[in-house]
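Subject: Handover of a structural model

Dear colleague,

Please find below the model that I am passing on to you.

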Amino acid sequence: MQQDIFNPTRVTAQVGGKEIILETGRLANQAHGAVWVQCGGTVVLVTVCSQPLEFDKGFFPLTVEYSEKMYAAGRIPGSFFRREIGRPSERETLVSRLIDRPIRPLFPKGLHEDVQVLANVISADQENESDVLALTGASAALMLSPLPFAGPVAGGRVGRVNGQFVLNPSFEQQAQSDINLIFAASGDALTMVEGDARFVAEDVIIDALEWGRQQIQPLVAAQLKLRELAGKEKMAFTPHDEDPVLVARVRELALAAGLEEALRVPDKLPRKEARKAIKEKVAENLRNDPAWADNEAALKNVGEILSDQEKKLVRARIVNEGTRIDGRDTKSVRPIQIQTGVLPRAHGSALFRRGETKSLVVTTLGSSTDEQRMDSLTGDVTKRFMLHYNFPPFCVGEVKPVRVSRREIGHGALAEKSLRPVLPAPEDFPFTLRVVAETMESNGSSSMAAVCGGSLSLMDAGVPVSAPVAGVAMGLIKEGDKYIVLTDILGDEDALGDMDFKIAGTADGVTGVQMDIKVTGLTTEIMRAAMRQAHEARQHILDEMARAIAEPRKELSRFAPQHAEVFVNPDIIRLIIGPGGKNIKAITAATGASVDIEDSGRVSIFAPTAEALEKAREMVSYYDQRPDLGKNYMAKVRKIMEIGVIVEVLPNVEALVHVSQLDVKRVEQPGDVAHLGEDMLVKVIEINGDRIRASRKAVLLEEQGHPWNPEETARPPRSDRGPRDRHDRGDRGGRDRRPPRGDR
C-alpha cells in the first residue's frame, strides 16, 4: 500500500547545529529501500534495489552510482545535449567511491545478490555538501531494505576554522579550513577516512576524526529508529561454511606441497608461480582421491580454501615472529631508488621505485587556456593543477581492456590533493600544471609512489614547490585484542590484512589521508599508532628523495613554455583582440604563443621558445604604444575639421595637427593639405596627458634645414585656436576682426 505523499515516515537528527531529515515513503516506493536525506536546502534521494544472481560471478556485484542533477541548483547542463551526459564526472565518480568503500564490507560474505545503490542530488542550496548526506542515505536505505547489512554507518565532514573543529562545514567555511576530512563511522568506530590538510600534525587529524565520530552518533540512532518504523523484513541468509573435513585435507596437501615455503618467496611473480603450482598439485591430488574425485562442488572451492589458509599462515607468522612475506620487520620501508630527468623532452620527470613498485611520473607546464573547465552544481569550475594516475594491465602482468577505472580516478585524486598544498600561488607561478603518474610495476602502494614521484617531477620541472611531499601505505593485522601495524605494505599484505591506511605529507605535517578497513571498526589507539609509524617512514622517504633532488631546479626546461606578462591600457584590449578575435589569432598564428588577457590590462603570454615570446610581446605592445615628444611618425589622417586634422600616429593614439601646423605657409582650409585616409609625416610637439599635438610644419622646416624649436611650435594664442577661431577669421566666420580692447 502506497503511503500518503503528505505524510511520509520521517525522523530527524541534530548534527553540528543543523537538522538532518531522513524520510521514506514519499518517493521511489517500488525500490527495495529508498531514503530522502535533507540538510537545509540540499536533498539527496538514495535508492537500493537487488535481484538474485543467475550464476556465481566470483565476486560481490555491488554497484554504487552518485549523480548530481543540474536542476538541483537551478542550472541547465552545459553539454551539447543540454542534459546530464551518461558518463559521470570526476566528482561523481569520487563520491560514488566514498559511498562504496564503507558499505561494501558490511555485506555478508557469500551473498548472491546483484545490488545497486543510486544516490541522486535533487536539490542543492550551495551551502550544505551533498556527498556526506549521500553516504548516510545509502546506509539508511540499506537498513530499510530486505538485504542483510551490518550497519548502520553515517557520514560526516570535519573542518577546522580558527583552531575550532566544525562538523559538516559550509562551502565558505571549507575555504577557511586547514583540514577537510570526510569519514564514515558506526556506533563505536571509524570505518572509512578520506581527506586533505594543510601541513597539520598527526595528532590533530586523530583528534578531529574522533570528535567527528562522536558528533554524528545521532545519525546512527536516527537510522535505527527509521528502520524500526518502516524497515522491511530481512531476507533469509545462511552463511556458507566449508566442509571441515575438506578444509583439513586441503591444508594437509598444501603444507606437504610446500605452501609455507612458497609464502616466504620475497619476489611477487615467483611467489605467484609457486602458489599456483601448489594449487594445481592440491587439486590434482584431490581428483585422484576416491573420497573427493566425484565431488565437483568441493573441488570448485579449493582455490578459496587455499586463500584462507595462506591468509592464516602469513598473519600468524607476522603476529608470532614479526616477519613479513618479503622478510622485512613490521616497520621497515622497502629499498628506494630514484632517477630524475628521465625523459629528455618532458618538462619534468622522475622514476620512483620502492621495492617492486615503480612509477614514472611526468610534469607538463601549460598556459591558463589549458586549465580544466567543468560543469558543476556550484557553477563552472576551473582547475590549474591536475594529477592523472594510470594503472595499465602490464604493470601486474595481466591482459585487460585499457580504460580509466574508478580506482585510477580515486588514486589520482588522492595524490592530487596531497600535492596541492605545496604548489605556488597562481600570481607567483601562472602556469597550468599536469602531472601524470604511469605505474610501471606494482606490488602495493602505487598511489603513494605517485605522490613521491609527483613531488620529484614537479621539482625536476622547476616548479617552486614549498616542500617535497612523500606518502606511505600502512597495514594492520588484528587478532583479538592484539594488533600489529605494518609499514609500506605489499599487495598481498593489503589483501590479507585488515587495513589500508595511506598517509602523505611533508616534514611539517599531513597533506592527504585515505583509510579503508576490513574489520568492524578502528579504535583511536590503533590510528595513533599507525600515524606515528607512518611519520617515521615518511621522514625516511623524504631523506631518500632529498638525495636525488634537494630543491626545485632554478630554471625551467628549455622545452617548457616561456612566460612573460605585459600590462596594457585596458582601453586597448579590444584592439589587441580585434574584430572577431582577428588580431589575437594573428599573434598566435605568427608565434605559436598563447595570449591570455584580463580585464585589468594584464596580458600573460606563453610561448614555445624565447624567440617566439619576444615576438609575441612586440606584437601585443604594438597596440599599446605611446608617442615620444619630438619624434616623427608616419600618421594616417582620420578626421578633417575646421581647426585642423586628427591623425593616428600610433594604433589607437590620435593627435591634433592644428591648421597653423599643417604647412610652413598659411593654410586656409585643412582639406587643401590633408585628405582622409592618406599618410602624413608629422612630429609630436606636445603631450599633455591623453592630449597630443603634432606638427607637419616642423617636419617641413627640418627638411629645409631648420631644426625643430619647441618654442616656435608652442600652443597658439587663444584667438588663433579652438572653437573661437570662427570669430577671429572674418573670411571664415562672417564677422569683422574685433578692434583691440583699447579701441573699443
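This is a predicted model: local features need pLDDT of at least 70, side-chain atom pairs count only at pLDDT 80 or more; totals for chains, interfaces and linings use all residues.

Residues are numbered from 1 along each chain as its sequence is written, and side-chain values use heavy atoms, with hydrogens and water left out.

Domains

The chain is assigned domain 1 (9-230), domain 2 (244-321), domain 3 (336-548), domain 4 (562-622) and domain 5 (631-709); such bounds come from an automatic or database domain assignment. Taken over C-alpha atoms, the centres of domain 1 and domain 4 are 47 Å apart.

The annotated aspartates

An unreviewed UniProt entry places the feature "binding site" at D494 and D500. UniProt positions are given in the numbering used here, feature names are shortened, and annotations may be inferred rather than shown by experiment.

D494 belongs to helix α13 (residues 491-496), whereas D500 is part of strand β20 (residues 499-505). Helices (H or I, at least four residues) and strands (E, at least two) are DSSP runs, numbered from the N terminus. D494 is partly exposed, with a relative accessible area of 26%, and D500 is buried at 12%. Here buried means under 20% relative accessible area, exposed over 50%, and partly exposed in between (1.4 Å probe, protein chains only).

Leaving aside neighbours within four places in sequence, D494 is in contact (heavy atoms within 4.5 Å) with I489, D500 and K518.

A buried arginine

R334 sits in the loop between α10 (302-321) and β11 (336-340) and is buried, with a relative accessible area of 4%. A polar atom of the R334 side chain lies 2.9 Å from the backbone oxygen of N443. Not counting residues up to four places away in sequence, R334 also touches other residues, among them R354, E356, D488 and I489.

The UniProt annotation "domain: S1 motif" (unreviewed entry) covers residues 630-704. Over these residues the chain is 11% helix and 49% strand, with its end C-alpha atoms 17 Å apart.

A closed barrel of 5 strands runs β25-β26-β27-β29-β28, with mixed pairing; two strands pair if DSSP finds at least two bridges between them. The twist averages 55° from one strand to the next. Helix α18 (residues 696-703) packs on the sheet, touching β25, β27 (653-658), β28 (679-688) and β29 (691-695), and its direction makes about 115° with that of β28. Axes are lines fitted to C-alpha atoms, for helices over the stretch in contact, and angles run from 0 to 180 degrees between N-to-C directions.

Strands β25 (residues 632-640) and β26 (residues 644-650) run antiparallel and are joined by 4 bridges. V637 has V647 in β26 as its bridge partner. Q661, in the loop between β27 and β28, counts as buried at 4% relative accessibility.

With kind regards

Technical notes
A polar contact is a pair of N or O atoms within 3.5 Å; within protein, one must be able to donate a hydrogen and the other to accept it, and residues adjacent in sequence count only if both atoms are side-chain atoms.
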